Amino acid sequence: MNITTPTPSTWRTWTAATAVLLTTATLTAPAATPAAARTTAIAANTPHTALSCRAATPPGRPLTFTPALTLSQRTTRITATLRLTGCTTPNGHHPQLRSATLTLDGTARAGCSGASTPDGSARITWYNAQGHHTGTSTVQSTPRFVSSYNPGDALLSGRVTQGPLHGTRMTGTATPTSDVSGCAAHGLRTLSATGTLKFQ
């Protein structure tokens, strides 16, 4: 899968897509400077972080928008499956949570340049280091409006309401791994991405 070089238009489209699709969280940010990268790494591994994971859409299973995102905002259904891997627990409280499958299903008013009123939830099936099922979490979305060229503004949040990590807040950052630059001209039906998620 080829990774495209983001343009301002690309970032705006991704911001909308992230706002809609990850109603409970977002997935990773553009290339950071060494200092910024160090700051990000420290922030991701503070004692207040219960769990931090890499996140990605599986090959051949991108996020989907029905109907496709266009210039005009309209109600769109969003579905997705994300693989969470390399999970670490800086505070040491959740060593049994090493990987997971996260599924999303929801709706939002969305278009190529923004999104609002997301409504949906996520289900996370957790596995330990041996690949054995260790629990299932439910995450409820936290609605907000997003419209910006800055992918950092696409950060959303959700709260774990049931299962492992109950009561923690899920957040993240992401970057697309598929071309989103044609959203305005042709619409955007699918999106692949990779990034990080953390629970605090």
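Is Cys112 buried or exposed? At 4% relative accessibility, Cys112 counts as buried. Buried here means under 20% relative accessible area, exposed means over 50%, and partly exposed lies in between (1.4 Å probe, protein chains only).

## Model and confidence

This is a predicted model: local features need pLDDT of at least 70, side-chain atom pairs count only at pLDDT 80 or more, and totals for chains, interfaces and linings use all residues. Residues are numbered from 1 along each chain as its sequence is written, and side-chain values use heavy atoms, with hydrogens and water left out.

The predictor's confidence in each residue is its pLDDT, from 0 to 100. The protein chain has a mean pLDDT of 74. In that chain, 69% of residues reach 70 or more. Strand β1 (residues 51-56) has the highest confidence, at a mean of 95. Helix α2 (residues 34-44) has the lowest, at 40. Helices (H or I, at least four residues) and strands (E, at least two) are DSSP runs, numbered from the N terminus.

Two stretches call for care. Over residues 1-47, pLDDT stays under 50. The model has 131 contacts beyond four places in sequence for these residues. A contact means heavy atoms within 4.5 Å. Residues 145-155 also have pLDDT below 50. This stretch has 34 contacts in the model beyond near neighbours in sequence.

## Disulfides

The whole structure holds 2 disulfides, each defined as a pair of cysteine sulfur atoms within 2.5 Å. With the bonded cysteines of the protein chain numbered in sequence order, the pairing is 1-2, 3-4.

Cys53 is joined to Cys87, with S to S at 2.1 Å. The torsion about this S-S bond is about 115°, so the disulfide is right-handed. Cys53 lies in strand β1 and Cys87 in strand β3, so the pair ties together parts that are 34 residues apart in sequence. Cys53 is buried, at a relative accessible area of 1%. Cys87 is buried too, at 5%.

Cys112 is joined to Cys183, with S to S at 2.0 Å. Here the S-S torsion is about -85°, so the disulfide is left-handed. Cys112 sits in the loop between β4 and β5, and Cys183 in helix α3 (residues 183-186). The two are 71 residues apart, and the pair links distant parts of the chain. Cys183 is buried, with a relative accessible area of 1%.

## Nonpolar core

A nonpolar core is a set of buried Ala, Val, Leu, Ile, Met, Phe, Trp, Tyr and Cys residues joined through side-chain atoms within 4.5 Å. The largest one has 33 residues. Leu51, Leu84, Leu102, Ile124, Trp126, Leu165 and Phe199 touch the most other members. At least two residues of this core come from each of β1, β2 (63-69), β3 (74-88), β4 (99-111), β5 (114-127), β9 (188-191) and β10 (193-199).

Take Ile124. Leaving aside neighbours within four places in sequence, its contacts include Leu84, Leu102, Met170 and Phe199. Gly135, Thr136, Ser137 and Val139 are also among them.

## Salt bridge

The count comes to 1 salt bridge, taken as a side-chain nitrogen of Lys or Arg within 4 Å of a carboxyl oxygen of Asp or Glu. The side chains of Asp105 and Arg77 form it, at 2.7 Å from N to O. Asp105 lies in strand β4 and Arg77 in strand β3, so the pair ties together parts that are 28 residues apart in sequence. Asp105 is partly exposed, with a relative accessible area of 39%. Arg77 also counts as partly exposed, at 44%.
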